[in-house]
Amino acid sequence: QVYSWQVVDYIRALVGLYENNYPETLKLGLLVNTPSFFPVFWKLIRPFLSERTAGKIKIFSKDGWLPILLEYVDPSQLPAQWGGTIVHPEGGPRCTHIIGPGGDLPDAVSRGGGALAVDPEAVSCFLERGRSMEVPVRVEVPGAKLHWRLQAKDVGFALWRVSGEDRVQVLAPRRIACDKDPEYGQMHCEHPGTYTFTFDNSFSWFNGK
């Protein structure tokens, strides 16, 4: 999701806070094992850094970072997996006793916990990159109430009413990101017809959702 506008805006805001409130606190930043698309992402963020700060950040794909790291950190302070001498008490280079291994957040402590994933009435769909999808719902009776619940990772969402050749916008298109907590909505349908939910991923060049 690195190309998500929400991610980019968040990083820009974070960089702005850092530059405005905590200048000159960074001695060296090493970015290691960066993916192939990182140079594009870096070009989006780089203009928001001062020249002095940007000059302290070194970017590496896989090789070449260890000699620079050892100029600043003694091997006795580094795990063996990072070129140091510290090993796990039970053996092995991965020092999980001092460095958390990371991973997915357990559902027990996650907001929402993926509620719709375990709902037997929920329907799961995959929206490919650069594509959009429509879900029509037929409303026969005026005044009927239309309900929806959805979970999605950064997709466009809108609602239209289709009657014959007429297509009327009911909910304006907007980007939604509710992959942790479902989004709930409802409306009174004053007119019968086909109400079409649209989900848009046409802005994503790389990620299906």
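The following legends describe close-up views of a predicted model.

**View 1. An open antiparallel sheet of 4 strands.** The strands are arranged in the order β3-β8-β5-β6, with antiparallel pairing. Because β3 (132-139) and β6 (166-176) stand at the edges with a single partner strand each, one side of each has no neighbour in the sheet. On average, neighbouring strands are turned by 15° against each other, direction ignored.

**View 2. Pairing of strands β5 and β8.** Strand β5 (residues 155-163) runs antiparallel to strand β8 (residues 193-200), and 7 bridges join the two. Arg-161 has Tyr-195 in β8 as its bridge partner.

**View 3. The salt bridge between Lys-209 and Asp-154.** The side chains meet at an N to O distance of 3.9 Å. This pair links distant parts of the chain, 55 residues apart: Lys-209 belongs to the segment after β8, and Asp-154 to the loop between β4 (144-150) and β5. Lys-209 has a relative accessible area of 19% and is therefore buried. Asp-154 is likewise buried, with a relative accessible area of 3%.

**View 4. The salt bridges of Arg-131 and Arg-138.** The side chain of Arg-131 meets that of Glu-128 at 3.8 Å, N to O. Glu-128 counts as partly exposed because its relative accessibility is 43%. In the salt bridge of Arg-138 with Glu-140, the closest N and O atoms are 3.2 Å apart. Both Arg-138 and Glu-140 are exposed.

**View 5. A salt-bridge network of Glu-24, Arg-52 and Lys-56.** Salt bridges link these residues in a network. In the whole structure, 9 salt bridges are found.

Technical notes. Residues numbered from 1 in each chain as written. Predicted model: local features only at pLDDT ≥ 70, side-chain atom pairs only at ≥ 80, totals over all residues. Heavy atoms only, no water. Pairing = 2+ DSSP bridges. Axes fitted to C-alpha atoms, helices over the stretch in contact; angles between N-to-C directions. Salt bridge = Lys/Arg side-chain N within 4 Å of Asp/Glu carboxyl O. Buried < 20%, exposed > 50% of the residue type's maximum accessible area, 1.4 Å probe, protein only.
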